[in-house]
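I opened the model to look up a ligand site and a handful of single residues. My notes are below, in the order in which I made them.

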Amino acid sequence: MLSTKVQGIVLAAGQGTRFNTGRSKLVEKICGQEMILFATRLLEQLHIPTLVVVGYQKELIKSVLSQHHGSSISYCVQEQQKGTGHAVLCTQQHWDRDHLLIMNGDVPLVTPDIIERLYNEHTKTNGEITFVTSHNPDPSSGGYGRVIKKGNSIAIVEARDFDGDPTEECCINAGIYLVRRAFLEDTIGTLKLHETSQEFYLTDLVKIASDNNLTVTTVSAPFDRIRGINNFQELWAAEQVKRCELLKHWMDRGVHFSAAQNVHLDLDITIGSGTYVGCGVHIQGKTIIGKNCKINEFSSLEDVTMGDGVEVHPHSIIKNSIIESFAEVGPFGHVDQSTVKEYAHVGKFVELKRTTMGRIAKAKHLAYLGDAQIGDRVNIGAGTVICNYDGTHKHKTIIGDDAFIGSNNTIIAPLTVGKKAFTAAGSVITDDVPESALAIGRTHQTNKEGYADKIRSTQQEEPRVEFTAAGFVGALKSKNNSCQ
Ligand code: UD1
Ligand code: CA
């Protein structure tokens with residue numbers, strides 16, 4: 001019913017001046033998702049066709065929305081931001097359902113059940129306006145409109161116009177309204193400009209309906225669900241609420257967070273049961289983590305697909321990559337656009353870029369492996385660098401199964417190291433290495449007997465300088481002890 005009778009209108013044209021960024025607040029992120037998408041995804045979930053009012057930085061907002069919704073959202077432009085009432089007036093040509101669900105774009109924590117209750121109440125009472133309210137024990141903060149009920153009359157008084165008792169009037173307007181279209185058609189053009197703010201308030205419709213003895217009803221929701229976001233402090237508070245929700249969701253599914261208060265989780269992630277997540281970990285984007293993994297402290301995963309039993313050691317950064325089951329990364333591992341196959345080990349200070357590490361392959365210490373296809377069971381020695389970039393182009397390196405790359409190799413791409421080949425430690429490998437061959441790319445060592453003593457005898461000994469604390473003048477070492 002909701003989807004056939006109701007049309008959604010999301011107000012997103014405002015400048016968000018209280019954020020002081022110059023950017024529309026509606027693209028600020030909460031748990032990795034732009035604020036405006038919370039409202040539009042909610043309406044999408046409820047199959048309500050949606051119209052978004054854009055104005056300030058409209059192209060930016062439209063591009064965020066089209067990335068998620070494609071072309072399923074329609075837009076209306078409010079060229080000058082003259083208030084929420086004026087924003088709705090701008091949409092009049094596009095009204096095509098019996099009831100309009102009008103939502104502020106900056107109320108991201110609303111859940112579907114609130115909208116369903118709103119609709120049920122609206123239908124049950126056959127109302128003109130039904131809107132969401134909440135009890136806010138500290139209503140002086142946040143600039144919410146107060147809902148003032150006296151006898152049969154009801155009105156919303158905006159924060160700047162409110163002169164009642166702030167501790168008594170704790171019922172606030174959430175900014176979510178279901179309005180009969182016929183009523184809106186009659187009244188939206190009659191809203192009066194408020195001189196102090198130079199705005200038309202949508203909220204004045206409540207008093208208009210009430211004064212005309214039309215049915216106005218409210219539906220109450222928990223304050224945490226209807227928090228409005230006007231500045232960074234409120235954004236932070238809303239993100240805490242969302243994060244707590246996500247943490248509880250994953251905890252209930254068997255995920256152990258050692259310091260839940262310090263973890264950042266995005267909305268669209270998945271974490272398998274039995275997985276441990278350490279302090280300061282960021283799990284972002286569309287990351288999927290398997291079962292029984294260990295993501296240790298201060299690691300960051302973004303758009304990663306991870307199998308089961310993977311261990312990510314502290315301070316590792318993994319992006320746009322696949323880490324297969326039982327692999328290990330870090331500490332201080334960097335993996336970008338790469339695949340680490342089962343049981344492979346990308347160790348301490350090892351960086352992988354557009355590289356595949358084969359099954360049980362190991363690069364345990366200090367290496368840069370770029371644009372490489374590394375076979376199964378390969379061992380990469382400490383200090384190995386693949387020189388994949390010639391300043392203009394990136395080149396590919398292929399290292400066959402069971403090859404052994406000695407420590408401190410410099411591998412100059414493009415080239416292929418055959419299966420089971422060896423390269424000697426300290427080599428500069430410039431050419432292909434055949435299968436099972438040993439490549440040595442370094443000069444032979446020459447020992448000159450007694451030569452060290454000869455060098456020493458020709459070196460002049462440095463005069464020894466005695467110094468005390470007073471011997472330093474700033475950063476300069478003085479040879480005498482005075483400080484003139
Ligand atoms: C509004 C309500 C207030 C309510 C609060 C709930 C009005 C007059 N006041 O106040 O009663 O308690 O929300 O959070 O409606 N917008 C436009 N065009 C404009 C102005 C705003 O599209 O010309 C959009 C904004 O982008 C925003 C939404 O409307 O998404 C709400 O505007 P905002 O300025 O945040 O209203 P509040 O002062 O919070
Ligand atoms: Ca607001």
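**Ground rules.** I am working with a predicted model, in which local features need pLDDT of at least 70, side-chain atom pairs count only at pLDDT 80 or more, and totals for chains, interfaces and linings use all residues. Residues are numbered from 1 along each chain as its sequence is written, chains are lettered from A and ligands numbered from 1 in the order in which they are written, and side-chain values use heavy atoms, with hydrogens and water left out.

Which residues come nearest to ligand 1? I found L11, Q78, G83, T84 and N173, out of 24 residues around the ligand. A residue counts as near if one of its heavy atoms lies within 4 Å of the molecule. I then sorted the shell by class and noted 8 nonpolar, 11 polar and 5 charged residues. In this sorting Ala, Val, Leu, Ile, Met, Phe, Trp, Tyr, Cys and Pro are nonpolar, Asp, Glu, Lys and Arg are charged, and the others, Gly among them, are polar.

I also looked up which elements supply the shell. β1 (6–12), α4 (84–89) and β10 (171–180) each give at least two residues. Helices (H or I, at least four residues) and strands (E, at least two) are DSSP runs, numbered from the N terminus.

**Ligand 1, polar contacts.** A backbone N or O atom of N173 is 2.6 Å from an oxygen atom of ligand 1. For a polar backbone atom of G83 the distance to a ligand oxygen is 2.8 Å, and for a backbone N or O atom of A13 it is 2.9 Å. The protein covers 92% of the 760 Å² of accessible area that ligand 1 has on its own. Such areas come from the Shrake-Rupley method with a 1.4 Å probe.

Where does ligand 1 sit? I found ligand 1 in the largest pocket. A pocket is an open set of points on a 1 Å grid over the protein atoms alone, with protein on both sides within 12 Å along at least five of seven lines. A molecule sits in a pocket if more than half of its atoms lie within 2 Å of its grid points.

**D106.** I located D106 in the loop between β6 (99–104) and α5 (112–125). Is D106 buried or exposed? D106 counts as buried because its relative accessibility is 11%; the cut-offs are under 20% for buried, over 50% for exposed, and partly exposed in between, with a 1.4 Å probe and protein chains only. The side chain of D106 makes a polar contact of 2.8 Å with the side chain of K25. A polar contact is a pair of N or O atoms within 3.5 Å, and within protein one must be able to donate a hydrogen and the other to accept it; residues adjacent in sequence count only if both atoms are side-chain atoms.

**Y119.** I found Y119 in helix α5. Y119 has a relative accessible area of 9%, so this residue is buried.

**G290 and C279.** G290 lies in the loop between β19 (288–289) and β20 (294–295). I noted G290 as buried because its relative accessible area is 10%. C279 lies in the loop between β17 (276–277) and β18 (282–284). With a relative accessible area of 23%, C279 is partly exposed.

**Cis peptide bonds.** I checked omega at two prolines. G330 and P331 are joined by a cis peptide bond with omega about 0 degrees, and P331 is in the loop between β24 (328–329) and β25 (334–336). A413 and P414 are also joined by a cis bond, with omega about 5 degrees. P414 is in the loop between β35 (410–412) and β36 (415–417).

**Positive phi.** Most residues other than glycine have a negative phi, and most peptide bonds are trans. N408 has a positive phi, near 55 degrees, and lies in the loop between β34 (404–405) and β35. For K420 I noted a positive phi near 60 degrees. K420 is in the loop between β36 and β37 (422–423) and counts as exposed because its relative accessibility is 52%.

Technical notes:
On a 1 Å grid over the protein atoms alone, a cavity is a set of points where a 1.4 Å probe fits but cannot get out, and a pocket is an open set with protein on both sides within 12 Å along at least five of seven lines; lining residues have an atom within 4 Å of a point.
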